[in-house]
Amino acid sequence: MDSSASKTFAILFLAITTLLTPHLRAAAPSKQAVDYPFFEKPGSAAASSAACPTSSTAAALHPNWTTCLLDHRAEQATTARASRECGTEWGEACSESVMRAAREQGTAGWLRSVRRRIHEWPELAFEEHETSRLVREELERMGIEYRHPLAKTGVRAWVGTGGPPFVAIRADMDALPIQEAVEWEHKSKVAGIMHACGHDAHVAMLLGAAKILKSREHFLKGTVVLLFQPAEEAGNGAKRMIRDGALENVEAIFALHVSHEHPTGVIGSRPGPLLAGCGFFKATITRKAAGAGNPHRSVDPVLAASAVVISLQGIVSREANPLDSQVVSVTSFNGGNDLNTVPESVVLGGTFRAFSNTSFHQVMRRIEEVTVEQSGVFRCDASVDFFEKEDMIYLPTVNDDHMYEHVRKVGADLVGRGNFRVVQPMMGAEDFSFYSQVVPAAFFYIGIRNEELGSTHIGHSPYFMIDEEVLPVGAAAHVAIAERYLIEHG
């Protein structure tokens, strides 16, 4: 067949598929879930398909013109269906439309660029001035209103009608005092500071969600509040954001965290307790003074402190319900450096964790009682500091059952049922818990594990890195969670 005949046939094929598409769509069985391949590489079938021209006429002239035309017609049908349905109810077409918007080449490339800019210039808690500036500049380019500052460097933005219902999505911005050991083009340019917990990706995902939500603002049946929070690692960023009005009018809030435990793009969460409450303590044990003429009346605070360490172990092993996970760990013990003198005092410290507020405060109370009373047995005085004035206590992160179910439905529709997992509770801690004390909330994970890239290291490791293929998936998850919530609760 010569080229002119081939082109004529292609155009005829286009006309036929245009006429038949509505009938074929009506007859097609409804899929239960949408599976997206998260590891598509250049040269794969998906990459070849993505290389098709965007117009029907150009697609007809592509070397793989039959595949291109069918893909183009299917995309047009999905887009048309999403335009009809997403304003009134959430359906499969809405999930596909959101994911397509997030994975569009320009958006995906922009997400990587934003994340890398933040990664190169990490900032510690309450010092996120340049990160906050980047966030505000991007929001201004999108035409999104915001308020700043909250909690010193935080930003509260909003998209939608400006009226109820209000649903919030949160991302944390701060980095860690860690020297990056990963050698790559966008390695941290700040000595001793690194985004070793994925907060750079969290910010990029939420900015990506803002961009997509703005383009879909006509679908929103309420207002999406976007919270860019400082100082998650310091433990008090969320509390200060709340104090400065971050949750004004908000009736539900959601957030994600990247996780090396799950393959890239997999979403995981659970109802109820997800992350432990975490606190720290410092106990100072001091001997009662004795006169120089009565050395036998002097006492040894080292012995008293040693007894305290042993007795603290009984709080979990002998007082806690075995089905209610708790931790008490003594991690430091300091009696000074003089090897020839009994010290005046000994300072010991550590951490404690529990999965419910009741258990958490019970453990906290018993640490103080055991320390003071056991020291008294050895004729020593003791005091315990829990750093409450420094806001170093994280409460347990407990997912509201209804909000978890919302995340589960959205996740299963967006990435496929097989790519949503019910996860086990973890002893890590998150200051997102403070939001969940005020409004119904759900926290979830999104996988970044990719052994080919070396994205396998836990958070707070100098070798921590992420698979950037996760960025569009995280942005789409934020959008779908917020937009669907407004439809179903408006």
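This is a predicted model: local features need pLDDT of at least 70, side-chain atom pairs count only at pLDDT 80 or more; totals for chains, interfaces and linings use all residues.

**Exercise 1**

Work out which residues Glu138 meets in salt bridges, and where the partners sit.

*Solution.* 
Step 1: Start with Arg117, whose side chain meets that of Glu138 in a salt bridge at 3.3 Å, N to O.
Step 2: Check the cover. Buried means under 20% relative accessible area and exposed means over 50%. Glu138 has 6%, so Glu138 is buried. Arg117, at 32%, is partly exposed, while Arg141 is exposed at 60%.

**Exercise 2**

Decide whether the partners in the salt bridge between Arg170 and Asp172 are buried or exposed.

*Solution.* 
Step 1: Find the contact: the closest N and O atoms of Arg170 and Asp172 are 3.7 Å apart. A salt bridge needs the nitrogen within 4 Å of the carboxyl oxygen, so a distance inside that cut-off counts.
Step 2: Look at the accessibility of each partner. Arg170 comes out at 2%, so Arg170 counts as buried. Asp172 comes out at 1%, so Asp172 counts as buried too.
Step 3: Zoom out. The structure holds 22 salt bridges, and a network of them links Arg115, Arg116, Asp200 and Glu468.

**Exercise 3**

Work out how the rings of Tyr404 and Phe420 are arranged, and which parts of the chain they tie together.

*Solution.* 
Step 1: Know the setting: there are seven aromatic pairs in the model.
Step 2: For Tyr404 and Phe420, the ring centres are 6.4 Å apart and the planes are at 50 degrees, so the pair is tilted.
Step 3: Tyr404 lies in helix H12 (residues 401–415) and Phe420 in strand E13 (residues 420–422), so the pair ties together parts that are 16 residues apart in sequence.
Step 4: Check the cover once more. Tyr404 is buried at 7% relative accessible area, and Phe420 is buried at 11%.

**Exercise 4**

Classify the ring pair of Phe432 and Tyr435, then find the cluster they belong to.

*Solution.* 
Step 1: The centres of these two rings are 5.7 Å apart, with the planes at 55 degrees, so Phe432 and Tyr435 make a tilted pair.
Step 2: Read off the accessibility: Phe432 has 0% and is buried. Tyr435 has 0% and is buried as well.

**Exercise 5**

Which residues gather with Glu388 in a patch of negative charge, and where in the chain is Glu388?

*Solution.* 
Step 1: Search the surface. The patch brings Glu388 together with Glu368, Asp385 and Glu390.
Step 2: Locate Glu388: it is in the loop between strand E11 (380–385) and strand E12 (397–399).
Step 3: Test its exposure. The relative accessibility of Glu388 is 52%, so Glu388 counts as exposed.

How values were computed. Residues are numbered from 1 along each chain as its sequence is written. Side-chain values use heavy atoms; hydrogens and water are left out. Patches are made of residues with over 30% relative accessible area and no salt bridge: like charges are joined within 9 Å, nonpolar side chains (Val, Leu, Ile, Met, Phe, Trp, Tyr) within 5 Å. Accessible areas come from the Shrake-Rupley method with a 1.4 Å probe; for residues, only the protein chains shown count as cover. Lys and Arg count as positive and Asp and Glu as negative; His and the chain ends are not counted. The place of a charge is taken as NZ of Lys, CZ of Arg, CG of Asp or CD of Glu. Helices (H or I, at least four residues) and strands (E, at least two) are DSSP runs, numbered from the N terminus. Buried means under 20% relative accessible area, exposed over 50%, partly exposed in between (1.4 Å probe, protein chains only). Rings of Phe, Tyr and Trp (its six-membered ring) pair if their centres lie within 6.5 Å; planes under 30 degrees apart count as stacked, over 60 as edge-to-face and the rest as tilted.
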